[in-house]
Amino acid sequence: MIDPATLAGLAGVPLITGLVQAARAAFNLDSRHLPMVAIGCGIGLNAAIAIATRPPANAQEWAPTIIVGVVAGLAASGLYDHINQWRK
């Protein structure tokens with residue numbers, strides 16, 4: 001069974017893409033750093049969702065939150081790349 005917080009974290013992929021684009025514009029980031037920014041935003045978003053819904057008590061409970069954050073960040077990075085290739 002999938003935890004609702006996990007679903008919410010994965011549903012945040014478009015939000016992560018927007019946050020990365022905002023960070024790119026605000027800080028004039030090189031495109032090679034954007035995947036790491038996306039992963040950081042994914043972990044941050046999922047940590048916020050985890051704390052808001054049910055705060056993890058130990059490291060074992062944090063592990064799925066971090067893994068889902070990494071997956072969401074990588075998905076956002078792939079979504080961005082796919083959209084850029086589609087525009088060309």
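The model is predicted, so local features need pLDDT of at least 70, side-chain atom pairs count only at pLDDT 80 or more, and totals for chains, interfaces and linings use all residues. Residues are numbered from 1 along each chain as its sequence is written, and side-chain values use heavy atoms, with hydrogens and water left out.

**View 1. The protein chain has four helices and zero strands.** The order from the N terminus is α-α-α-α. Helices (H or I, at least four residues) and strands (E, at least two) are DSSP runs, numbered from the N terminus. Along its principal axes, the C-alpha trace spans about 45 × 25 × 15 Å.

**View 2. Helix H2 (residues 13–27) crosses helix H3 (residues 34–53) at roughly 130 degrees.** Their axes come within 9 Å. Axes are lines fitted to C-alpha atoms, for helices over the stretch in contact, and angles run from 0 to 180 degrees between N-to-C directions. This makes H2 oblique to H3. Angles under 35 degrees count as roughly parallel, over 145 as roughly antiparallel, 65 to 115 as roughly perpendicular and the rest as oblique. The crossing of H2 past H3 is right-handed. A crossing is right-handed if the near helix is turned clockwise from the far one by less than a right angle, and left-handed if anticlockwise. From H2, Leu-15, Ile-16, Leu-19, Val-20, Ala-23 and Arg-24 meet Leu-34, Val-37, Ala-38, Cys-41, Gly-42 and Leu-45 of H3. The residues of this contact are 10 nonpolar, one polar and one charged. Contact means heavy atoms within 4.5 Å. Ala, Val, Leu, Ile, Met, Phe, Trp, Tyr, Cys and Pro count as nonpolar, Asp, Glu, Lys and Arg as charged, and the others, Gly among them, as polar.

**View 3. H3 packs on H4 at an angle of about 140 degrees.** The two axes lie 7 Å apart. H3 and H4 are therefore oblique to each other. H3 passes H4 with a right-handed crossing. H3 contributes residues including Pro-35, Ile-39, Ile-43, Ala-47 and Ile-51. H4 contributes residues including Trp-62, Ile-66, Val-70, Leu-74 and Ser-77. The contact of H3 with H4 has 13 nonpolar, six polar and no charged residues.

**View 4. H1 and H4 pack at an angle of about 25 degrees.** Their axes are 9 Å apart. The two helices, H1 and H4, are therefore roughly parallel to each other. This crossing of H1 past H4 is also right-handed. Thr-6, Gly-9 and Leu-10 of H1 touch Val-68, Val-71 and Ala-72 of H4.

**View 5. The largest pocket holds about 270 Å³ of space.** A pocket is an open set of points on a 1 Å grid over the protein atoms alone, where a 1.4 Å probe fits, with protein on both sides within 12 Å along at least five of seven lines; lining residues have an atom within 4 Å of a point. The volume is the space filled by probe spheres set on the points. The lining has 14 residues, and Asp-3, Arg-54, Glu-61, Pro-64 and Thr-65 lie nearest the centre. Helix H1 (4–11), H3 and helix H4 (59–87) each supply at least two lining residues. H4 gives the largest share, five residues. By class, the lining has six nonpolar, five polar and three charged residues.
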